[in-house]
Amino acid sequence: MSKLRVGVAGLGTVGGGLLKLFADERSRLHEKMEVVAVSARDRGRSRVADVSAYRWFADPAEMAAQADIDVVVELIGGADGPAKAAVETALRRGAHVVTANKALVATHGVELAALAEASGAKLLFEAAVGGGVPMVKALKESVAGCRAGAVAGILNGTCNFILTEMESTGRSFDDVLKDAQKMGYAEADPTTDVGGFDAAHKLAILCAIAFGTRPDLAHVRIEGIERVTLTDIRLAGKLGFRIKLIARGASTDGGVEMHVRPALLAFDHPLANIGGSLNALVVDAEPVGQLTFIGRGAGEGPTASSVASDLMDLAEDRASFAFGKPLARLADAPRAAPTERGRYYLRFMVGDRPGVVAAISERLAHEEISIESFLQMPVHEGPAVPIVLTTQTCARAAVERAVKAIEALEVVVEPPYVMPVEPSARAFRPS
Ligand code: HSE
């Protein structure tokens with residue numbers, strides 16, 4: 001059988017890693033396929049791999065249009081622009097596409113999958129979610145015959161690194177963010193990571209596959225880690241929790257709920273001990289139960305290995321539909337009504353005066369919110385002191401009302417902060 005002919009668009013970290021893998025005699029890639037062309041803006045820039053043997057295209061769409069290229073690997077990034085143009089060009093003419101571009105797939109996945117179905121091409125994106133961790137395949141293949149109830153994961157290595165370092169070293173958010181950028185995991189604009197958008201792209205893709213719906217990025221509720229302070233991390237720790245940016249999708253009676261937000265996890269939660277830049281995903285499906293996938297979520301080797309895995313699926317003719325099913329069989333994701341219930345962590349910065357605790361608990365009681373744990377400790381520098389508490393299970397709407405009333409108290413010096421407590425492993429599905 002003739003070898004698949006591959007064109008690689010984008011020769012940054014992941015592109016370089018992929019070319020190294022092609023050059024590695026121990027990898028099976030070279031038995032099944034060969035790189036025939038590459039595309040990057042600057043031919044002269046030094047790179048990790050020797051690219052002089054390949055045809056060169058400055059314009060990735062021009063490379064994608066070449067009739068002798070069977071597969072275009074898109075590693076440029078960005079939801080629009082050259083990446084989209086190259087992918088569309090390839091799919092229109094029936095060439096397969098393998099991409100690591102989560103923004104592109106989350107934003108334009110439906111139209112791209114339609115182009116692929118029309119031409120008979122495959123669109124594969126294991127590398128777009130979780131770096132080297134096989135999250136897309138787990139959902140598309142391993143639990144394909146199950147009913148997925150919920151997925152929850154740590155999908156952004158930069159945020160996980162920042163929160164882990166803050167906890168273990170006591171350094172500030174801004175200080176640790178600089179290190180994360182140096183490590184090469186962070187997106188070009190750090191807001192994409194710390195604002196939760198990168199994780200939201202990944203969650204929208206995973207939920208589409210898990211729940212058999214069209215990707216629905218617009219309805220992921222997104223909150224970043226910018227407001228998490230060292231005080232939160234220390235006091236949550238004293239209450240038995242660790243703070244993580246959690247991406248969570250759940251199939252409920254009313255539809256699909258998707259959130260990316262910082263949350264408190266009990267120390268024995270399966271995601272609580274995923275540290276540094278690692279990624280992880282817990283899938284809860286019937287009848288298999290809970291499955292947990294853990295590994296390196298970004299960087300040259302892990303992401304290139306996911307690209308290679310998709311390429312092997314193409315070479316061995318086992319690639320399936322982009323989102324696991326033909327588009328016609330994907331439902332529009334019905335939106336759940338905002339009836340969220342759960343346990344919540346509340347942090348108030350207050351003037352240290354008699355009666356403050358009584359005033360706060362009175363307003364919580366007014367909304368029938370019962371306090372589960374409560375802590376005031378002098379760990380904060382400055383005129384205000386933190387009071388933190390966790391609630392028993394209650395309606396989010398009641399928490400919002402109580403917090404608004406508490407914020408109006410003259411003694412409260414900055415906007416209160418609310419984070420959910422992630423359900424325990426046993427109660428992983430929404431209550
Ligand atoms: N910026 C991403 C992260 C890289 O920090 O996880 C992988 O998508």
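The largest nonpolar core here has 85 residues, and F125, I162, L203, I225 and F323 make the most contacts inside it. A nonpolar core is a set of buried Ala, Val, Leu, Ile, Met, Phe, Trp, Tyr and Cys residues joined through side-chain atoms within 4.5 Å. Helix α10 (residues 197-211) gives the most to this core, with 11 residues. Apart from it lies another core of 32 residues, including L4, V38, V73 and V98.

Bear in mind that this is a predicted model: local features need pLDDT of at least 70, side-chain atom pairs count only at pLDDT 80 or more, and totals for chains, interfaces and linings use all residues. Numbering starts from 1 along each chain as its sequence is written, and side-chain values use heavy atoms, with hydrogens and water left out.

Here is how the protein is divided, with bounds from an automatic or database domain assignment:

| Domain | Residues |
|---|---|
| domain 1 | 4-128 |
| domain 2 | 135-298 |
| domain 3 | 341-421 |

Taken over C-alpha atoms, the centres of domain 1 and domain 3 are 51 Å apart.

Now to A319, which sits in the loop between α12 (300-315) and β13 (341-351). Helices (H or I, at least four residues) and strands (E, at least two) are DSSP runs, numbered from the N terminus. A319 counts as buried because its relative accessible area is 17%, and buried means under 20% (exposed is over 50%, partly exposed in between; 1.4 Å probe, protein chains only). Leaving out residues up to four places away in sequence, A319 touches K122, L124, D313 and L314, where contact means heavy atoms within 4.5 Å. A127 is 192 residues from A319 along the chain, yet their C-alpha atoms are separated by 14 Å.
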